[in-house]
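Here is a friendly walk through the inside of a protein model. Take a moment to look at the sequence and the 3D view, and then read on.

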Amino acid sequence: MFDHKILIRRAKVCIMFFFITFSAIIFFLFENRTIHHRSLNSKAPEKFQLQLQKPGIQKVIQSNVSHIPVEEEEEVDRGNQKPLVPPLNVTEKERIAWFQKRFHEFKIFKSTNLSGKFHARVLRFFSDGCEAQFFMTWISPVTLFRNRELLTLESLFKAHPQGCLVILSRTLDSKNGYHILKPLIDRGFKVEAFTPDLPFLFQSTPAESWLHDLIQGKKDPGEIPLPQNLSNLIRLVALYKYGGIYLDTDFIILKPFKGLRNCIGAQSWDSVSKHWTILNNAVLVFDKNHPLLLRFIQEFALNFNGNKWGYNGPYLLTRVVKTMKEEDGLNLTVLPPMAFYPVDWTRIGVWFEKPKNRDESRSVEATLIQLRGQSYGVHLWNKLSGKLAVQQGSVIAKLISQHCLLCNNM
C-alpha cells in the first residue's frame, strides 16, 4: 500500500514537471518571436534613413513626416463632395438665405486644431533657408489635385530646387494630401499643405470686416462659387502677411524668378501704345506689408461682387492700378504678357495640338525658342484646357518633357 502511494505521487510529480517544462518552452518560443518582431519594427525607420544618400533630404523628410495630420482626415478628406454652388435666378436676399443655411458645409471657415497652428507652422516652415517663398491655394477636394497640378509643382522645384512652397488648403492638409506630395518630399523638396486660419489671416486688414459681414448675412456671396473668390482674397492676404510669390496651380514654370520683386504680369497688351490693358492675379510677387496689397484687399472688401466672373480677381487688380498715379509711390513692375501669359486663353488649345506638317513643326520650335528667351512660365488656363489631351510633338508636350521632374503620366 505504501509503495503504491509512492508510485502515484511520483507519477503526479513527473506529469507536473512535464507540463511546466512544456509551458516554459512554448512561452520562450512565443516571446522570442515577439521580441524579434519588435526589433524589426524598431529598426525599420533606421533602415529607411540609411537608404537616403543626401543628409539634406533626410532632414526634410523627417521634418515633414512628423507633421502628417491625421486627426481630421475623415472629416475633410472626402473626394466625392459636391461643390457648393448657389442657386441661379434667385434674388440677393434668397442667395444670402441659402448661404446662411449651408454655411456649416463650407469647412474652410471652421476653426480646427490644425487651423489654430497655421501661423506657427508657416513660420517654422519658412525658417529653414528658403531660396524663395511660394504660396498656392487649393479649396477643392483632394482627389481633384491631379497630374496637371503636380506638373506645376514639379516645374516650380526644377526651376527653384531650394524654394519653399506652402499650399493653403484644408483638404490637402491630410493623410491623403501628404501622400500626393510625398514623391516630391522624398526627393528633398520643401512643400507642405497647411489648413489656413482665415480669422488670423484677415485680422487687421479690410478682409476682416468683409468676412464678418459675409458670415452675418450682410454680404451677398454671389452666384459664382465662393471658394473661387476666397482664393482671390487669401492669396492677397497671405502675401501681405508673409511676402513671397503666389502662383496658380495651372502653370509650367520655365526659369527661376530670380530678380523679380513687386511684380504683376499683364494678361493683355496694346500693341500700338505698348501699354498693358488687363492685369492678372495668377502670379503675384510682393514684399511683406506692401501697401499696394492693402489697397487690393480694401477694394475686395468694399466693392465685392460675387456675380461677375473675374471682378474680384484680374479686374480688381486692373481697376486699382489704373486709378493710382506715379506720386502714389506704386513700387510696382508690370511685366508684359510674354512673362507669364504668352498664349491667350482663346488660343491655348492650339498649343496642345500635334503639328500636322513641316511648317507647323517649325512654328512649334520657334515658339519654344521664344519662350526660353522671354517667359518665366506658361499659364495653362485650366478652365479651358483641362480636358484637352496633350498631343505628341505639341508645344505643351515639349514643355512638359523639358520641365517635369517625376514625369509620370503626362
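The largest nonpolar core has 56 residues, and those with the most contacts inside it are Leu-153, Ile-167, Val-191, Phe-257, Phe-340 and Leu-399. A nonpolar core here is a set of buried Ala, Val, Leu, Ile, Met, Phe, Trp, Tyr and Cys residues joined through side-chain atoms within 4.5 Å. Buried means under 20% relative accessible area, with a 1.4 Å probe and protein chains only. Helix 7 (residues 147-159) gives the largest share of this core, six residues. A second, separate core has 53 residues, including Val-166, Val-237, Tyr-246 and Trp-276.

This is a predicted model, in which local features need pLDDT of at least 70 and side-chain atom pairs count only at pLDDT 80 or more, while totals for chains, interfaces and linings use all residues. Residues are numbered from 1 along each chain as its sequence is written, and side-chain values use heavy atoms, with hydrogens and water left out.

Now for the wider view. The protein has 16 helices and nine strands; these are DSSP runs numbered from the N terminus, with helices (H or I) of at least four residues and strands (E) of at least two. Of its 410 residues, 46% count as buried.

Which residues of helix 16 (residues 395-403) are buried? They are Val-395, Ile-396, Ala-397, Leu-399, Ile-400 and His-403. These buried residues pack against helix 7, strand 5 (251-253), helix 14 (358-374) and strand 9 (377-379).

Two residues can be set side by side by their contacts (heavy atoms within 4.5 Å). The table leaves out neighbours up to four places away in sequence.

| Residue | In contact with |
|---|---|
| Leu-399 | Ile-252, Leu-254, Leu-368, Leu-371 and Val-378 |
| Ser-385 | Arg-148, Ile-348, Phe-352 and Leu-380 |

Ser-385 lies in helix 15 (residues 382-385), and it counts as buried because its relative accessibility is 0%.

Next, a pair of helices. Helix 11 (residues 226-242) and helix 12 (residues 291-302) pack at an angle of about 150°, with their axes 9 Å apart. The two are therefore roughly antiparallel, a term for angles over 145 degrees; axes are lines fitted to C-alpha atoms over the stretch in contact, and angles run from 0 to 180 degrees between N-to-C directions. Helix 11 brings residues including Asn-229, Leu-233 and Val-237 to the contact, and helix 12 brings residues including Leu-293, Phe-296 and Phe-300.

Conventions: Buried means under 20% relative accessible area, exposed over 50%, partly exposed in between (1.4 Å probe, protein chains only). Angles under 35 degrees count as roughly parallel, over 145 as roughly antiparallel, 65 to 115 as roughly perpendicular and the rest as oblique.
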